[in-house]
Amino acid sequence: MSGNLGGNPTFPAQRFECAGGPFFNVGVTVIADEEFRPRRCLWSHPPRIGEIVTQFRDVALGSTIVGHGGLYWMIEREKKGAPIELSVRVDGEEVGRFVHQDGQGWARFEIPLGVHINKQHAQVEFGVSSKNHLHRHFCFEARSQ
Amino acid sequence: MSARRKLNWVDGAIASALGTSYAAVLVKTVGQLGYARDEGFYFHAANAYGRWFEAFWTSPKTAVARGAVDNAWGVNHEHPALIKSLFALSNVLLQKKLHLFAMEGTSYRFPAMVLAGALIALVYIWGTEARSRAAGLVAAVSLATFPRVFFHAHLACFDIPIVAVWTLCAYTFWKAIAVQPASGRIYKNLKWPVLAGITFGLALNTKHNSWFLPIVACVHTLATIVIARMWGGALSNQDVRVRLKKTALAMAAMAVLGPVLFWAMWPWIWRDTGSRLVQYALFHLNHDYYNMEFLGVNYFTPPMPRSYAFVMTVATVPAVTLLLALAGFVGRARLRLIMGMSWAARRWVEKNGGVGDGKKPGWVEKALVWKAQIPALEKLGPTGETELLWLLSIGVVYTAWLSPKTPIFGGTKHWMTAYPFIALFAGVGFDDLIRLIKVLLVSKRNSLFQKKQGWLKLPVRAALRWVAPLLGISVLASPIAQSAASHPWGLTSYTPLVGGAPGAATLGLNRGFWGYQTGAIVDFINQAPQGSAVFVHDTAGPSWDMLVSDGRVRKDLRGVGSVDYSRVGLYHHEKHMGGVEYQNWVAYGTRCPAHIAGLDGVPVIWAYTRP
């Protein structure tokens, strides 16, 4: 499902859909960043209330979780949307939080893992929320190193 | 002030030949050009207007009823009606009744092509009348071969029509204000003032660029009078009075006939005139900002780059034409400088009457010597009032792009109304160049004669005869070649000054917009499996439908607005469109295009296919 001119990126055929309609899904897509370069990422549109959560099990961790988050530039360049919060949790404990403001573009985050460093079978969660979910086409990528 | 040449039948024949052959070339080459996004909207509007014309023909009373008028003319009412009416009439009469064209779309485009031909003929006429046949010819062909003009001249849009009508209005205004010294008979011939009024009405009904015309006319009037009065001698008091009256008459005709004609020819404003005109004006005054790449940056909101119009002009108008225009301008500026200095020198001498020859300042001595050149240079033409009108027609238009709020999304088309006047100055520059070379050749001949090498006179005499044609070929060859090579990628075309299309792409200049490039890859599209859906990206639905009507795209292929469920996905490259390309990647699971097309190795449109 794609948005054509100026619309949302294509939602891949393989995706996890949550309640609220097709926009509230998690799936691998490609967005255009502030220079219109491609960024492969996990689409993660926050819901009206609460978070949209993506959970990974049996993750081998390094010392940090490093990633990037942003929106399709055509959406965030207007700088009219609410901030988006990405909460990173390991084994149920929040290890860090990344806040994306419109206009930042494809922005980097790095979260130290503290007591979870070098765990071999961790459960990692990414929770995305926003105080106003309108047009919050958030997409992120992350890895542990 | 009377250096206006009388035209004869030869000029009429040349103008007709130029106009007709240009329109013929456009018709001949149009089949390779896809349909621009905006053309699709104008086809839709023209069809609505066409149905109204047919209804008017059968039942005029019903057709002029409010509901019927608003239903038909409410379509695309953000632009006035004249040109779309011509598209409609051409389609109804020339295609549906006479089946004149091989492709349906050409019938809509035909009126703009005819106007393009008329524009080229008019530029020839004006250049010839104001300066010489050589100037007119070079001006006309130069304008015809601005690659961007050549591109836009094919389209069923308003951009070339407004250039044609604007130039015609300026020309009629120029004719209307012509002062024959001490003639005095102002109201005897009303032809040109009335024509100025009519053509202004046509311009108003063509495109909103026409709003700049009164500015040009007013500034021109004020400036010519001020200059004449200040310098003295150029116009007598009586001439100034005649000028004022003639100008007032022309402007009155424009002020009265223009709006009346505008109203009469645009049924949408027949009712609720005031509020609808406000709506029309506000649409353009508060126009959305679309995206445009310039030097690698995607602009979508103010401040816009102030250098845009100037850099793009240099990057898209053949350098030889710009150089000739500059030479033409500098040549005439030199004359006006000499006139100014001569006026100042005369004032100095009047003030210091008793000063002997040897005691005058250097500039006064020089000015008095140079003064002798004035009559001959003035006689060559154009007149000062003509130069000023041409200059204002360039300056007023470009001035708009000094504002950081002026949108740049339309590329060069928005200031194309200035191009005929750049071409006219190029014609003057060309004529100056011929004269200069001839003077050099004559002086060479004389020196040979003095050296008793009279046998060499013959080649010099032959050379004198061939100066104009050879020089003409040399200054027109490159623009002709550039225009020919640019087709059908007009908006990707850039001059060698920026490295052509590859150089411009490297510099980050826009490679094209409007999605017209689909027409260039119809052979690839037609290889799609039976009944396939094709994601048309930036090509408007009606533009795609016209490719199908033309028979250029197979009837079983469906143009769709989303890559979902499509078999072929098009991508028209623009910097800000990257996201649309990635929609193809995710939908088809591939980043490898199945087909790429463009100009000189610069990719402009590419297509993905579902594996």
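**Figure 1. The contact between chain A and chain B.** In this predicted model, the contact between the two chains draws 23 residues from chain A and 23 residues from chain B. The area buried between chain A and chain B comes to about 1,600 Å², and carbon and sulfur atoms give 57% of that area. On the side of chain A, the residues that lose the most area to chain B are A:Asn4, A:Leu5 and A:Phe36, which together make up 36% of what that side buries.

**Figure 2. Polar and charged links across the interface of chain A and chain B.** One salt bridge is counted between chain A and chain B, and in this salt bridge the side chain of A:Glu35 meets the side chain of B:Lys575 at 2.9 Å, taken from N to O. Across the same interface, 10 residue pairs are found in polar contact, with both residues of each pair at pLDDT 80 or more. Strand E2 of chain A (residues 25–32) supplies five residues, the largest share of the side of chain A that touches chain B. Sorted by class, the residues on that side of chain A are 12 nonpolar, seven polar and four charged.

**Figure 3. A four-stranded open sheet in chain A.** The strands of this sheet in chain A follow the order E4-E9-E6-E7, and their pairing is antiparallel. Strand E4 (52–59) and strand E7 (93–100) of chain A each have a single partner strand and stand at the edges, so one side of each is left without a neighbour in the sheet. From one strand to the next, the twist averages 15°. Within the sheet, strand E6 (residues 84–90) and strand E9 (residues 122–130) of chain A are joined in the antiparallel sense over seven bridges, and A:Arg89 has A:Glu125 of E9(A) standing opposite.

**Figure 4. Strand E10 of chain A and two strands paired with E10(A).** Strand E3 (residues 38–44) of chain A pairs with strand E10 (residues 138–144) of chain A in the antiparallel sense, over two bridges; here A:Leu42 has A:Phe140 in E10(A) as a bridge partner. Strand E5 (residues 64–71) of chain A also runs antiparallel to E10(A), and seven bridges join these two strands. In this second pairing, A:Ile65 stands opposite A:Ser144 in E10(A).

Figure 5. Strand E3 (residues 533–535) of chain B pairs with E4(B) in the parallel sense over three bridges, and B:Val534 has B:Gly559 in E4(B) as a bridge partner.

**Figure 6. Helices H9 and H12 of chain B in contact.** The axes of helix H9 (residues 159–176) and helix H12 (residues 237–264) of chain B come within 9 Å and cross at roughly 145°. From H9(B), the residues B:Cys169, B:Phe173 and B:Ala176 meet B:Lys246, B:Thr247, B:Ala250, B:Met251 and B:Met254 of H12(B). By class, this contact of H9(B) with H12(B) has six nonpolar residues, one polar and one charged.

Figure 7. Most residues other than glycine have a negative phi, and most peptide bonds are trans. The peptide bond from B:Gly381 to B:Pro382 is cis, with omega near 0°, and B:Pro382 is found in the loop between helix H17 (374–380) and helix H18 (384–399) of chain B. The peptide bond from B:His487 to B:Pro488 is likewise cis, with omega near 0°; B:Pro488 is placed in the loop between helix H20 (457–486) and helix H21 (500–507) of chain B. At B:His99, a residue other than glycine, phi has a positive value near 50°, and B:His99 is located in the loop between helix H5 (82–97) and helix H6 (104–130) of chain B.

Terms used: Residues numbered from 1 in each chain as written. Chains lettered and ligands numbered in written order. Predicted model: local features only at pLDDT ≥ 70, side-chain atom pairs only at ≥ 80, totals over all residues. Heavy atoms only, no water. Pairing = 2+ DSSP bridges. Axes fitted to C-alpha atoms, helices over the stretch in contact; angles between N-to-C directions. Contact = heavy atoms within 4.5 Å. Buried area = accessible area lost by both parts, 1.4 Å probe. Salt bridge = Lys/Arg side-chain N within 4 Å of Asp/Glu carboxyl O. Polar contact = N/O pair within 3.5 Å; in protein donor to acceptor, adjacent residues only side chain to side chain. Nonpolar A, V, L, I, M, F, W, Y, C, P; charged D, E, K, R; others polar.
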